[in-house]
Amino acid sequence: MLEIKNLQVKVAGKEILKGIDLSIGSGEVHAVMGPNGSGKTTLAQVLAGRLAYEVTGGTARFQGKDLLAMKPEDRAREGVFMAFQYPVEIPGVSNAYFLKAALNAIRKYRGLEEIDAMDFMGLVQDKAKLLGLDETFMKRGLNEGFSGGEKKKNEVFQMAVLEPKFCILDETDSGLDIDALRLVANGVNTMRGPNRAMLVVTHYQRLLDYVIPDFVHVLVDGRIVKSGDADLARNLEKHGYGWIVEEAPKPQPARA
Amino acid sequence: MVSKSVLQEQMAKQEYKYGFVADFDEDTIPKGLNEDVVRLISRKKKEPEWMTEWRLRAYRHWLTMKEPTWSNVRYPPINYQDIIYYAAPKPKKEVKSLEDVDPEIRSLYAKLGIPLQEQERLAGVAVDAVLDSVSVATTFKDKLAELGIIFCSFSEAVLEHPDLVRKYLGSVVPFNDNFFAALNSAVFSDGSFAYVPPGVRCPMELSTYFRINAQDTGQFERTLIIADPGAYVSYLEGCTAPIRDTNQLHAAVVELIALDDAEIKYSTIQNWYPGDKQGKGGIYNFVTKRGKCLGVNSKISWTQVETGSSITWKYPSCILQGDNSVGEFYSVALANNYQQADTGTKMLHIGKNTRSTIISKGISSGYGRNTYRGRVQIHKGATNARNYSQCDSLLIGSTCAAFTFPDIQVQEPTAQMEHEASTSKIGEDQLFYCQTRGITPEDATNMIVNGFCKQVFLKLPMEFAVEAQKLISVSLNLEGTVG
């Protein structure tokens, strides 16, 4: 579904990703872990299409198409979704209005008819229950005055409604208490399926106790230094990142 | 600019030189202003002596006044002798069908969703549709008359309801109130008059919409609305289509009077020609609007959506004289390209337990400059007066500007005041977030702006709210320019 080859990215002139190779197949859940500053969020953002991130080399193909050449909105319409680490607030625009606009923009791109208000309400009610969101939630401004946990739930809720093919979860577990974490994980798990892939970016093992990944990759200093299965994540939880950083091939010191 | 005294001298000379007004060609009087022009305007409207005198007193006072310079707008000096103060209804350009209308205007109509028949009327196409809408107007008028409601042009009111006009004209905005109000008082061309008798609730929104085609209201409009005890009226002003006008100065005066337990709701959508993208042309909209809550428990509510004009100078205000009276001001002002808006309100609390609410939303884009200017005055004796003010500014891009000048004067220790202000910018983060949900930056901007204005749009009558939303997005040129 997604083929990333030798992806290199600069942010504000600084090289952050130094050649990422990653192949994600349909139905797979991949976790990318790593210490702070290793480039995890950069990877998530660049796949979603953040402009400030300059791709200096490599490719990313999504279902055979050049993902990096697409505008962010077209990536979304093709089926890419990112749950943000820090979702923005848009005062005065209700969650319902926003989500309906998003859904219809995507449907229109795919040549489907716009969904009407009744069908839309039916659709969102089911998904809202899944995440324990009550009715008033839809009428509130988008993330306006939401707690950290509510914002994260809203991200996964949007994901459930928009039904993307490829989901990027950027630090979705941060700021969640244990009950919220379970709800969010449950929401994510119900979306797992043979036609959908996920990339879970996280610093901690926590979320991966509930969303068991098929593959785990460790990102250090802009490179994937180790890949494995869910056991790798548990090892990291036990021993920290230190041993991997030690093991990782050091860049050659520049000659004077 | 010529100093006032020199100007006065010149005008005095002119008066002498051209003192034989009767010789003027009645439909095309020369540029410039003097007492004879004022008399001529009055005579053309067949006004009674008292009206002519009132205009002249206003004119004489205007001569002693200076154009205000305190506002936060910049424009080259206006030559008041270079303006035609009376013109017979402008000959309509011969337009046979919509095909002949400027394609730019037509596409704007289409974007606004104005029905075809309405488009034809606005473009001045001489077809039967025009007659249709006139007959519709007459139907409304008959229905209103049954309830004792008077709704007519200001000129008609002067002739047919002189007692009401004499009693209330200038009682809220005296002719010597300010420079532009004085000018208007001297030369006003026409406007609207509405009177709702005691205890009557006007069953429909009164609007210039179905009257304006009968009379081509000029640049100096004058509106007077009176709600007798227990009456209610909602008045809509304006037209959602662009009015292309060669005249530069638009100086209107609106006076509202609410007696005991009466309520007036006044909504405006102002979309005069804003000038082009380089800031050339456009209307100077220098307007004085004020309402007086004269009676106890009365209420006046202003709602405005200001998207047009190259310069807006406008402060719809409330004098809260009656005990327990309520004043409200809800405003959305947009300044795009080189537009400048200096707008806000005054709430003067005189009566006991008076309350006022101010919600102002300013949007700046392009090189626009948007200023909120508000004064809240709690007079001594206005016990338990309360005010809540909120003024928010939204910036789009990095070349525009927003200013806020709140002025709060409290002389009453029991008063309760609240003031909130915020400035925000449509951030790249917000746009990116929307994009990752499949929404284009243009649609996202539109959505964010409408969300920002929501509190005010909710105060507009339903159909107006929908039009206001569309108008904002059209005024921001959101099609293919953002992102």
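Predicted model: local features only at pLDDT ≥ 70, side-chain atom pairs only at ≥ 80, totals over all residues.

Student: Which sense describes the pairing of strand β9 (residues 284-293) of chain B with β11(B)?

Tutor: Parallel, over 4 bridges. There, Phe286(B) has Trp313(B) of β11(B) as its bridge partner.

Student: Which residues of β11(B) lie on each side, and are they buried or exposed?

Tutor: Start from the rule: in a regular strand the side chains alternate between the two faces of the sheet. In strand β11 (residues 311-314) of chain B, one side carries Ile311(B) and Trp313(B), and the other carries Thr312(B) and Lys314(B). These residues are all buried, and both faces of the strand are covered.

Student: Let's move to chain A. What is the strand order in its open sheet of 6 strands?

Tutor: Reading across, the order is β6-β9-β10-β3-β11-β12 (chain A), with mixed pairing. From one strand to the next, the twist averages 20°. Within this sheet, β3 (residues 29-33) and β10 (residues 197-202) of chain A pair in the parallel sense over 5 bridges. Val29(A) stands opposite Met198(A) in β10(A).

Student: Why is one side of β6 (80-83) and of β12 (223-228) of chain A left without a neighbour in the sheet?

Tutor: Because β6(A) and β12(A) stand at the edges, each with a single partner strand.

Student: Which strands does helix α6 (residues 148-162) of chain A lie across?

Tutor: Helix α6(A) lies across β6 and β9 (166-170) of chain A, running at about 165° to β6(A). Helix α8 (residues 230-239) of chain A lies across β3, β11 (215-220) and β12 of chain A, at about 45° to β11(A).

Student: How many helices and strands does chain A have, and what is its radius of gyration?

Tutor: Chain A has 9 helices and 12 strands. Buried residues make up 43% of the chain.

Student: How many residues of chain B are in contact with chain A?

Tutor: 15 residues of chain B are in contact with 22 residues of chain A. On the chain B side, α10 (428-435) and α11 (441-457) each supply at least two residues. By class, that side has 6 nonpolar, 6 polar and 3 charged residues.

Terms used: Residues numbered from 1 in each chain as written. Chains lettered and ligands numbered in written order. Contact = placed C-beta atoms within 7 Å. Nonpolar A, V, L, I, M, F, W, Y, C, P; charged D, E, K, R; others polar. Buried ≥ 20, exposed ≤ 12 C-beta atoms within 10 Å, placed from the backbone. Pairing = 2+ DSSP bridges. Axes fitted to C-alpha atoms, helices over the stretch in contact; angles between N-to-C directions.
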